[in-house]
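Here are some notes to read alongside the structure. Please keep the sequence at hand while going through the points.

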Amino acid sequence: MDTRDTNKHWLDKDRLEWLDENLDVKLLELYALYNISKVLHMSFAVDEIFNGTMDIIGKTLQIDEFCIMLIDEKSDELVVRAWYPTPVTLPDIRFKIGEGISGTVAKTGKLILIQDVTKEPKFMFYKGAKIDIGAFLCVPLIGREGEILGVFNVHKTKPNTFTDNNVRFFYEVAQQVALAVDKAITYEKTKEASLRDPLTGLYNRRYFFEYLETEASRANRYDKEFSILMIDVDHFKNFNDKNGHLKGDEALKKIARLLIKELRCSDVVARYGGEEFICMLPETHKDAAIIVAEKIRKSVQASKFDGGENQPGGKLTITVGVAAWSEDGKFVSELVDYADRALYLGKSRGRNMVCSKVAI
């Protein structure tokens, strides 16, 4: 056989092996993308998206480690929302927008690939929380309207190990994850809005009663106690008549803020309707609930409301009715009725007071 034919034979064989190997990788990537797309299409919650995609990517493609960081709207920081392999608890790592590589990608919306992190001074190793990273890829998560939702980070322990195919694949994955996250966030915001009072931002009456039924069942099952507060703004019709409905709305919003400030995170407060509010205090005895109610009453009385000087007594005030499970009711309807009657007894006695008894 001619030497040239022999060389050609081996060249063809090497090329075929190379093509087979790359074809296998491409098939794996397509398979992973198909499965990711299928999971994301069915997901309507952010956590579902992460739970469904992390294992598919990690196990199918044998990636060392990667994570998803989303922008927290309240703090305007990137926070870790998912990590592979899944740790017992997610690391509490935050980046300001523009800080480090992840922060830079979140700010610019442009992918950054670092083949050797030791040669990149801006790389922060997750602020020292993760140091065994050799190569790093950060891809922006961009929503349907072009807004940046977060970043998708892929880590490799060895430098110079990202191929062009890797980069293209993770860019595709990031696009799919971003669209799914965008859809889920919109869904969650819509769902949350349906549970909220549009004026005050507090929970609405429907949600409160659903929650109250659940809490009542839990209290019965585990022999727990809780109390509710029924709150009414005194002479609110007079306030609206003298000051107008816009100032009335502002007063209601301010009272809502005061309630949130004075109550615990575990307490649930809702707008009951009109100028009435209702609060549920888990694992709170009636005596303790009375103290909380009095604290709220004093807080409202001490606050300055625009137009409050036109109220009887020159102040905007509230009256509060208190009821405790199961001392004052063994059904939700009984409990709310008791608090309502206690409230109106307080109003009949002159308002601006806390009342925990009903007339016999």
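1. Buried means under 20% relative accessible area, exposed over 50%, and partly exposed in between, using a 1.4 Å probe and protein chains only. Asp234 has 1% relative accessibility, so Asp234 counts as buried.

2. This is a predicted model, in which local features need pLDDT of at least 70, side-chain atom pairs count only at pLDDT 80 or more, and totals for chains, interfaces and linings use all residues. Residues are numbered from 1 along each chain as its sequence is written, and side-chain values use heavy atoms, with hydrogens and water left out.

3. Asp234 lies in the loop between β7 (226–233) and α6 (236–243). Helices (H or I, at least four residues) and strands (E, at least two) are DSSP runs, numbered from the N terminus. The side chain of Asp234 makes a polar contact of 2.7 Å with that of Thr317. A polar contact is a pair of N or O atoms within 3.5 Å; within protein, one must be able to donate a hydrogen and the other to accept it, and residues adjacent in sequence count only if both atoms are side-chain atoms.

4. Setting aside neighbours within four places in sequence, Asp234 is in contact (heavy atoms within 4.5 Å) with residues including Leu316, Thr317, Lys347 and Arg351. Lys347 is one of the buried residues of α9.

5. Which residues does helix α9 cover? The helix takes in residues 332–348. Among its buried residues are Leu335, Tyr338 and Ala342. Just after α9, Gly350 has a positive phi of about 125°.

6. Tyr171 is found in helix α4 (residues 164–194). With a relative accessible area of 38%, Tyr171 is partly exposed.

Notes
The expected span of a helix is 1.5 Å times one less than its number of residues.
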